[in-house]
Amino acid sequence: MAFRSVGINQPCLGLDGLFGLAEDLEALKSAAPDFVELMPHELGVILGGGLDASRLQIVRELLLETDLSYTVHAPLEMNLMDLTAPDLQRNVLDASLRFANSIGAEVVVCHAGQRLGSRDARHSFKEQLAAERNALREAGEKAGELDVSIAVENYYPELPVVQGVVYDYSVRPSELAEQISAVDHPAVGLCLDVGHAALAASVFDFDYFEECAAAAPLVRHLHLHDNLMKANLTGVPPVSEHPVYGFGDLHLPPGRGAIPLEELFRRVDFLEEPSCCVEIFSNFYSLAPEALQAARGLGLEGATRERLSA
């Protein structure tokens, strides 16, 4: 398997806001990413579930002037299983798709839905899964019209998931694959976050490689980062000190953690050549060139394995 393209997540917006972002994107060119994955909620282009036309114009001009390519990550809290506000949730995804189209982005990543016990007791889990499938099919139709693909991402066992306050079926990539197969729309695929899957494997004791392999046929897009495969099961220490103790979703550059990434890309066959976004936290952003190089090396290793086995 070779990656179709290798990009990186959007630099964190600092005090200079969009002015600082423009400078960061320009500086990022020296690391030669194939694309940058943007967060429309951080860019301020979505307001009340719709695109803010005036803000969009400013952001769009800035982004197109940088002469970079882009993918888009829909707002993190968007939840198509939320039956208390289904129209609003769908509107947020629709706005993300239209934003992607306005900047020429071909992929929009969104998180799979979650069930919140305190909010969703009146609905069955089966109803919520069906609602998510219907919403994704409708969004798939819109995405097809806009020449955009949707990639639904598996999540990780953050503390509310571990404690059972939130139920997220997508912590098992195979279950997310079942849901996306049931959606059965050509514009809707899967985003495999290999870091999230590694943390979930350590908590729920499933086979990391088997679960990733189950998802692989539907993968359109990858999120690539590293961690120490240790989830925080108690809430102590706080998230701000997770790197000190090696807990949680650390978003380290590939190769800086404990995930067997080389073995993953040797063993798992992805039917398509997915795009790959390296996702690293802002305190590691100075390592962007190293992270992109490591990602390309992993993709080439997979491609070499395929040639040898052919």
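Two rings of Phe, Tyr or Trp count as an aromatic pair if their centres lie within 6.5 Å. In this predicted model, Phe3, Phe265 and Phe270 form one aromatic cluster. A search of the whole structure finds six aromatic pairs.

- Strands of a sheet pair through backbone hydrogen bonds, in either a parallel or an antiparallel arrangement.

**Strand S1 and its two partners**
- S1 spans residues 5–9, and five of its five residues are buried, leaving the strand mostly covered.
- With S12 (residues 275–278), S1 pairs in the parallel sense over four bridges.
- Along this pairing, Ser5 stands opposite Ser275, Val6 stands opposite Cys276, and Gly7 has Cys277 as its bridge partner.
- With S2 (residues 36–38), S1 pairs in the parallel sense over two bridges.
- On the S2 side, Ile8 has Val36 as its bridge partner.

**Strand S12**
- S12 is covered on both faces.
- Ser275 and Cys277 are buried on one side, and Cys276 and Val278 are buried on the other.
- S12 also pairs with S11 (residues 219–224), in the parallel sense and over four bridges.
- Ser275 of S12 is the bridge partner of His221, and Ser275 also stands opposite Ser5.

**Asn9**
- Asn9 lies in S1.
- The relative accessible area of Asn9 is 15%, and the cut-off for a buried residue is under 20%, so Asn9 counts as buried.
- The side chain of Asn9 reaches the backbone oxygen of Ile280 at 2.9 Å.
- Leaving aside residues up to four places away in sequence, Asn9 touches Val36, Glu37, Cys277, Val278, Glu279, Ile280 and Tyr285.
- Among these contacts, Val36 is the bridge partner of Ile8, and Cys277 is the bridge partner of Gly7.

**Aromatic rings**
- The ring centres of Tyr155 and Tyr156 are 4.8 Å apart, with the planes at 50 degrees, so this pair is tilted.
- Tyr155 and Tyr156 are both buried.
- Phe265 and Phe270 have ring centres 6.2 Å apart and planes at 35 degrees, so this pair is tilted.
- Arg267 lies over the face of Phe209, at 4.2 Å from the ring centre.

Key
Residues are numbered from 1 along each chain as its sequence is written. This is a predicted model: local features need pLDDT of at least 70, side-chain atom pairs count only at pLDDT 80 or more; totals for chains, interfaces and linings use all residues. Side-chain values use heavy atoms; hydrogens and water are left out. Rings of Phe, Tyr and Trp (its six-membered ring) pair if their centres lie within 6.5 Å; planes under 30 degrees apart count as stacked, over 60 as edge-to-face and the rest as tilted. Buried means under 20% relative accessible area, exposed over 50%, partly exposed in between (1.4 Å probe, protein chains only). A charge sits over a ring if NZ of Lys or CZ of Arg is within 6 Å of the ring centre and within 35 degrees of the ring normal. A polar contact is a pair of N or O atoms within 3.5 Å; within protein, one must be able to donate a hydrogen and the other to accept it, and residues adjacent in sequence count only if both atoms are side-chain atoms. Contact means heavy atoms within 4.5 Å. Two strands pair if DSSP finds at least two bridges between them.
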